[in-house]
Amino acid sequence: MADVGRNDPCPCGSGKKYKKCHLVEQEGGRDELRRALLLHDLDRQTIERLTQFVKAEPTQTRWLPDFFDEVGVPELDDLALQLLIPCAMYDLPVDGFTAAERLLRAPHVKLAARERSWLEAQGAAWLSVREIVSVVPGRSLVVRDVLTGKEHQVLERQGSSILKVHHLVLGRVVDFEGMSVFVGMHARPLGPRLGAELIKHVRRQLGVRTRAVSVEQLREKMPLAQLLSAWEDAVEEDDERRMQLPQLANTDGDPLLLTKDRYTFAAADRPKVVEVLGQLGEEDGDSRAAATQTFVVHKAGNAMHRSWDNTIVGRAEVKGAMLVLESNSVRRADDLRAKVETALPGIVKHSLREHEDPDVMMRQMRASAGGAGAHPRTATPPELLAALRELKMQHQRDWLDSPVPALGNLTPREAAKVPKRRKDLQLLLKEIEHSESQLPPGEAVDLRWMWGELGIE
């Protein structure tokens, strides 16, 4: 709405002029963001003053290097310092007091009323793991502290443009003058599953399994450096996992391995070869008069998707006096090859089998993405996007009644009724919703309905 004139029709479709409709709301939102930015400026000035204060008291400078070493951050770059400096100044007690508390108590330091209020607000804030509950891109986030249970609506322009629902972040939320802002946040968020593992670790350290903890318990039983170190370890594990591509499989559960079997035959036998392939599968298009004919071979049903009537086993292409069979796994290739050789004994002669590893192909694509000679991504037609979204919705509807190994081979509907499996199900739903939220708008589907369908929060 930034480019809409005051007297233009409001883009919301109300028929009113923009100035009489959403202009005030938009300007109010921008004003709040400006106020939030001013708070960050206030914080930078406060940090500078705290740094000078600490430097002026040599007995207090010893703890900074020790704190950074204890946290174990490999490199103290600007991103790391965005969290470590606020934590060191506002949250790290040395001989019973933080640097901010010492500044507030210093008799020789004169502070303006607003500076004093800001330092007191910082003293009431705390570092914790927070889950993204909802996002207004470019404006704000609703975050829930997974340990204390407290929620905040945080004004955050940059973070709200990057973070997605069910991301977990490590950060400090400060409440001041009717607003909540992040003052110190780790540069790397975690996804739902790795975040859940970290939360289990932290709860073990706190000695609390499921109930909410108080801010005082969190500060007392989970030392600042320990919480920061645990997050760094999780980030390192996340990096290692990202380096390992998942095992790709087809809907039969076979490892994906693109397989081609090449055959030759006498030119005079082509009508017979085409006839047999027509019995084994369905010709792809009207190509009987063409030099190349393609057949799709199916089998009934699908092991993964109950709503599917059939599964594509492979394709057969006849070009001149050559036959090429293509499948996406060795087992499917062997099955298709056996059918063809049984139906055409002595007519087709096997000459070569080739494999292409999808993992290798994906690595090559990643390596070349954006490089010299790379082609821009072609826009997907809207009708195809709509079909893909409907296919995904159908898959998720089927998934609710399909056995899931991660749920002890219970279906999601069954797991929702078993207390021991309920948390596993919630985590799976978060992962699904989180993955979907990272797709482009045209490809993503809203899957929040599944929570209500299963009767869980």
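This briefing describes the overall make-up of one protein chain and then selected helices and buried residues. The structure is a predicted model. The protein chain has 457 residues, of which 39% count as buried, and it contains 16 helices and eleven strands.

**Whole chain and confidence**

- Among contacts in the protein chain with a separation of 6 or more, 59% are made by residues 24 or more positions apart.
- The protein chain exposes about 25700 Å², and carbon and sulfur atoms supply 53% of that area.
- The average pLDDT of the protein chain is 82, and 80% of the residues score at least 70.
- Residues 368-377 have a pLDDT below 50, and beyond near neighbours in sequence this stretch has two contacts in the model.
- Where pLDDT is low, the predicted coordinates should not be read in detail.

**Helix α7**

- Helix α7 covers residues 192-206, and its 15 residues should span 21 Å at 1.5 Å a residue; the end C-alpha atoms are 21 Å apart, which agrees with that expectation.
- The buried residues in α7 are Pro192, Leu194, Gly195, Leu198, Ile199, Val202, Arg203 and Leu206.

**Helix α10 and its cover**

- In helix α10 (residues 270-280), the residues Arg270, Val273, Val274, Val276 and Leu277 are buried.
- Viewed down the axis of α10, these buried residues fall within an arc of 165 degrees, so they line one face of the helix.
- An α-helix has 3.6 residues a turn, so residues three or four places apart point the same way.
- Pro271 and Gln279 are exposed and sit on the face of α10 turned away from its buried side.
- The cover over the buried residues of α10 includes strands β8 (292-300), β9 and β10 (322-327), together with helix α11 (330-343).

**Thr311 in strand β9**

- Thr311 belongs to strand β9, which comprises residues 310-319.
- With a relative accessible area of 4%, Thr311 falls under the 20% limit and is therefore buried.
- The Thr311 side chain reaches the backbone oxygen of Gly301 at 2.5 Å.
- Not counting residues up to four places away in sequence, Thr311 touches Thr251, Val297, His298, Lys299, Gly301, Asn302 and Arg332.

**Asp91 in helix α3**

- Asp91 lies in helix α3, which runs over residues 78-91.
- Asp91 counts as buried because its relative accessibility is 15%, under the 20% limit.
- The side chains of Asp91 and Arg172 are joined by a polar contact of 2.5 Å.
- Apart from residues up to four places away in sequence, Asp91 touches Pro86, Thr98, Ala125, Leu127, Arg172 and Leu224.
- Asp91 and Glu101 are ten residues apart in sequence, and their C-alpha atoms are 9.5 Å apart in space.

**Arg130 in strand β1**

- Arg130 is placed in strand β1, residues 127-136.
- Arg130 has a relative accessible area of 0% and is therefore buried.
- A polar atom of the Arg130 side chain lies 2.6 Å from the backbone oxygen of Gly171.
- Leaving aside neighbours within four places in sequence, the contacts of Arg130 are Val143, Arg144, Asp145, His167, Leu168, Val169, Gly171, Arg172 and Val173.

Definitions and conventions
Residues are numbered from 1 along each chain as its sequence is written. Side-chain values use heavy atoms; hydrogens and water are left out. Helices (H or I, at least four residues) and strands (E, at least two) are DSSP runs, numbered from the N terminus. Buried means under 20% relative accessible area, exposed over 50%, partly exposed in between (1.4 Å probe, protein chains only). Contact means heavy atoms within 4.5 Å. A polar contact is a pair of N or O atoms within 3.5 Å; within protein, one must be able to donate a hydrogen and the other to accept it, and residues adjacent in sequence count only if both atoms are side-chain atoms. Accessible areas come from the Shrake-Rupley method with a 1.4 Å probe; for residues, only the protein chains shown count as cover. pLDDT is the predictor's confidence in each residue, from 0 to 100. The expected span of a helix is 1.5 Å times one less than its number of residues. The arc is that of the directions from the helix axis to the C-beta atoms.
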